[in-house]
Amino acid sequence: MNGISVMWLREVKRFFRSKSRIVGSLGQPLLFLVALGYGLGPVFQQAGQGNYLEFIAPGIIGMSIIFTSIFNGMQVIWDRQFGFLKETMVAPVSRLSIMFGRTLGGATVAALQGALVLVLTMLVGFRPISWTGIIPALVVMLLIALLFSALGMVVASLLRDMQGFQLIMNFLVMPLFFLSGALFPLNNVPPALLLVARFDPLSYGVDALRLFLLGQGVFNITLDIAVLVGMIGVFLALGSYFFSRIEV
Amino acid sequence: MDAIITVEHLTKTFGEGPAAVQDISFTVARGSIVAFLGPNGAGKSTTIKMLTTLLRPTAGTIRIAGHDPATNPDAVRHAFGIVFQDPSLDEDLTAFENLEFHGVLYGVPKETRRARITELLALVELSDRKDDFVRNFSGGMKRRLEIARGLLHHPQILFLDEPTLGLDPQTRNHLWSYVEKLNREEGITVFFTTHYMEEADRVAQHIAIIDHGRIVAEGSGAALKKQTKSNSLEDAFLMLTGNEIRAEAGNSLDRMRNMRSMHRGARR
């Protein structure tokens with residue numbers, strides 16, 4: 001218990017300390033919203049699909065959560081490099097609780113980030129269909145954050161140093177984001193692309209966000225939540241296994 | 001003699017290579033200060049990692065304060081404090097928070113923890129810097145803070161892995177006087193490694209020299225000098241371990257510099 005709470009607190013403290021990190025991580029979502037939302041908006045409208053800014057807003061929230069949470073998970077590599085990981089490894093708490101605490105902390109931070117991006121989308125013109133939809137949407141954000149924080153831990157436990165970071169960004173994070181339907185509707189895409197999107201857990205997260213914030217989606221909410229919760233379980237299990245095998 | 005560390009036939013092999021530690025046995029008396037010396041790659045760090053539950057031995061037994069690290073790692077972890085060769089503080093937290101986190105991880109109750117933190121910060125002369133971020137600390141201050149952290153949970157043994165590496169003579173001198181004071185006043189057993197032979201000769205009551213994974217000599221500084229008919233411990237050390245230069249793994253500072261530049265480049 002001590003291990004979990006202390007590791008969680010550490011992540012949260014570090015988040016609120018680094019103002020530059022908070023502001024910096026809002027830049028990219030803002031750019032996507034403005035450039036794509038306003039830039040592609042007219043084309044989208046002409047195709048009879050409605051308001052593009054509203055359509056991508058949940059996708060951009062998903063994007064900021066996946067980037068932040070995978071990056072937080074990979075913080076372990078940093079701690080290994082700078083030695084702090086050793087301090088936690090010789091402490092009389094189980095590795096499992098350290099891993100859980102970190103994942104929860106990283107997920108909390110990423111979900112907060114997602115909530116900030118939601119506020120940002122509302123500032124540039126996004127209007128959710130109902131205020132009450134925001135509460136379940138926040139829960140979905142936390143689920144997405146947990147899922148990808150756990151995935152980040154799996155990745156970090158397998159890498160020895162930051163050399164592999166670009167590889168992970170380009171071959172894991174970017175495809176997860178671009179193939180998830182965050183930027184385009186999945187109901188008219190070629191079957192092959194839809195198939196790929198069905199294997200991407202972020203598709204279900206973004207879909208659930210759209211259901212709660214816009215009232216539209218391609219899958220149903222039960223499936224979305226079931227996939228998110230199921231994959232959290234899978235990645236937490238893998239993460240604990242690989243984390244317990246780390247040698248420092 | 002009351003032994004607080006007992007090591008018997010300890011062996012560690014990595015993959016196919018020659019054993020990093022080959023069948024070593026030694027005991028450390030409670031309340032003593034022991035230096036563990038050896039050239040780079042001799043097996044010092046591997047031994048310390050096995051003693052501190054970070055690595056599992058391939059063969060042999062270890063008992064630390066009556067417990068076996070393999071079967072009861074948490075009891076062993078409560079019994080020792082450690083200052084690692086490389087810094088291991090969280091630079092984004094303050095000095096106080098680093099200590100506080102350690103105390104919580106080790107399950108030290110709040111009242112005791114707060115009192116102990118105040119006491120230790122005073123001991124390592126960092127009381128006035130307690131709310132400063134560790135990233136603004138000098139190398140010597142970080143070392144002192146790490147020592148304070150290692151002592152927070154009242155360990156019986158303090159492991160110091162090259163604690164004075166990269167510190168100026170003033171700081172080194174100071175650091176050893178803290179360590180001697182702790183040993184004298186709190187009865188803590190100290191087990192350290194260093195490359196500075198004069199430190200070992202001055203501070204340690206007992207010295208073990210390891211080379212190629214085996215203990216090649218053991219005894220007091222005076223006994224080792226007498227055995228090799230040398231004037232200094234440095235000469236005795238060279239007599240026992242030979243003169244050739246050992247291969248050194250990439251130093252942690254180089255790795256960190258690499259990381260920093262990678263980090264800047266890779267940030268999205």
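## The nonpolar core

A nonpolar core is a set of buried Ala, Val, Leu, Ile, Met, Phe, Trp, Tyr and Cys residues joined through C-beta atoms within 7 Å. In this predicted model, the largest such core has 147 residues. The members that touch the most other members are A:Ile66, A:Ile144, A:Leu147 and B:Ile157. Helix H8 of chain A, residues 134-158, gives the largest share of this core, 14 residues.

A:Ile144 shows what such a position touches. Residues up to four places away in sequence are not counted here. Beyond them, A:Ile144 touches A:Gly62, A:Ile65, A:Ile66, A:Gly205 and A:Leu228. One of these, A:Ile66, is also among the core members that touch the most others.

## Confidence

The predictor gives the complex an ipTM of 0.85. The pTM is 0.85. For chain B, the mean pLDDT is 88. In that chain, 91% of the residues reach 70 or more.

One stretch of chain B calls for care. Over residues 263-268, pLDDT stays under 50. The model has six contacts beyond four places in sequence for this stretch. Where pLDDT is low, the predicted coordinates should not be read in detail.

## Chain A

Chain A has twelve helices and zero strands. Read from the N terminus, its elements run α-α-α-α-α-α-α-α-α-α-α-α. The C-alpha atoms fill a box of roughly 60 × 40 × 35 Å along the principal axes. For 248 residues, a compact globule would have a radius of gyration near 18 Å, and chain A agrees, with 18 Å.

Of the 248 residues of chain A, 52% count as buried. Take the contacts in chain A between residues at least 6 apart in sequence: 83% of them join residues at least 24 apart.

## Helix H11 of chain A

Helix H11 of chain A covers residues 201-213. Its 13 residues should span 18 Å at 1.5 Å a residue, and its end C-alpha atoms are 19 Å apart, which agrees. Is H11(A) enclosed or open? Buried residues make up 13 of its 13, so H11(A) is largely enclosed by the rest of the structure.

A:Gly215 follows H11(A). The phi of A:Gly215 is positive, near 75 degrees.

## Chain B

Chain B has ten helices and nine strands. Its C-alpha atoms fill a box of roughly 50 × 50 × 40 Å, taken along the principal axes. The radius of gyration of chain B is 19 Å; a compact globule of 268 residues would have one near 18 Å, and the two agree.

Of the 268 residues of chain B, 41% count as buried. Among contacts in chain B with a separation of 6 or more, residues 24 or more positions apart account for 68%.

B:Phe237 is found in helix H9 of chain B, residues 233-241. Is B:Phe237 buried or exposed? A residue counts as buried with 20 or more other C-beta atoms within 10 Å of its own. B:Phe237 has 26, so it is buried. Leaving aside neighbours within four places in sequence, B:Phe237 is in contact with B:Leu37, B:Met197 and B:Ile209. B:Ile209 is 28 residues from B:Phe237 in sequence, and their C-alpha atoms are 7.7 Å apart.

B:Asp131 sits in a loop of chain B, between helix H4 (110-123) and helix H5 (139-151). The cut-off for exposed is 12 or fewer C-beta neighbours. B:Asp131 has 9 inside 10 Å, so it counts as exposed. Its contacts, apart from neighbours within four places in sequence, are B:Thr94 and B:Phe96. From B:Asp131 to B:Val216 is 85 residues in sequence and 46 Å in space, C-alpha to C-alpha.

## The contact between the chains

How many residues does each chain give to the contact? Chain B gives 27 residues and chain A gives 25 residues.

By class, the side of chain B that touches chain A has 14 nonpolar residues. The others are six polar and seven charged residues.

Terms used:
Residues are numbered from 1 along each chain as its sequence is written. Chains are lettered from A and ligands numbered from 1 in the order in which they are written. This is a predicted model: local features need pLDDT of at least 70, side-chain atom pairs count only at pLDDT 80 or more; totals for chains, interfaces and linings use all residues. Two residues are in contact if their C-beta atoms, placed from the backbone, lie within 7 Å. Ala, Val, Leu, Ile, Met, Phe, Trp, Tyr, Cys and Pro count as nonpolar, Asp, Glu, Lys and Arg as charged, and the others, Gly among them, as polar. Helices (H or I, at least four residues) and strands (E, at least two) are DSSP runs, numbered from the N terminus. pLDDT is the predictor's confidence in each residue, from 0 to 100. The radius of gyration is taken over C-alpha atoms; the globule rule is 2.2 Å times the number of residues to the power 0.38. The expected span of a helix is 1.5 Å times one less than its number of residues.
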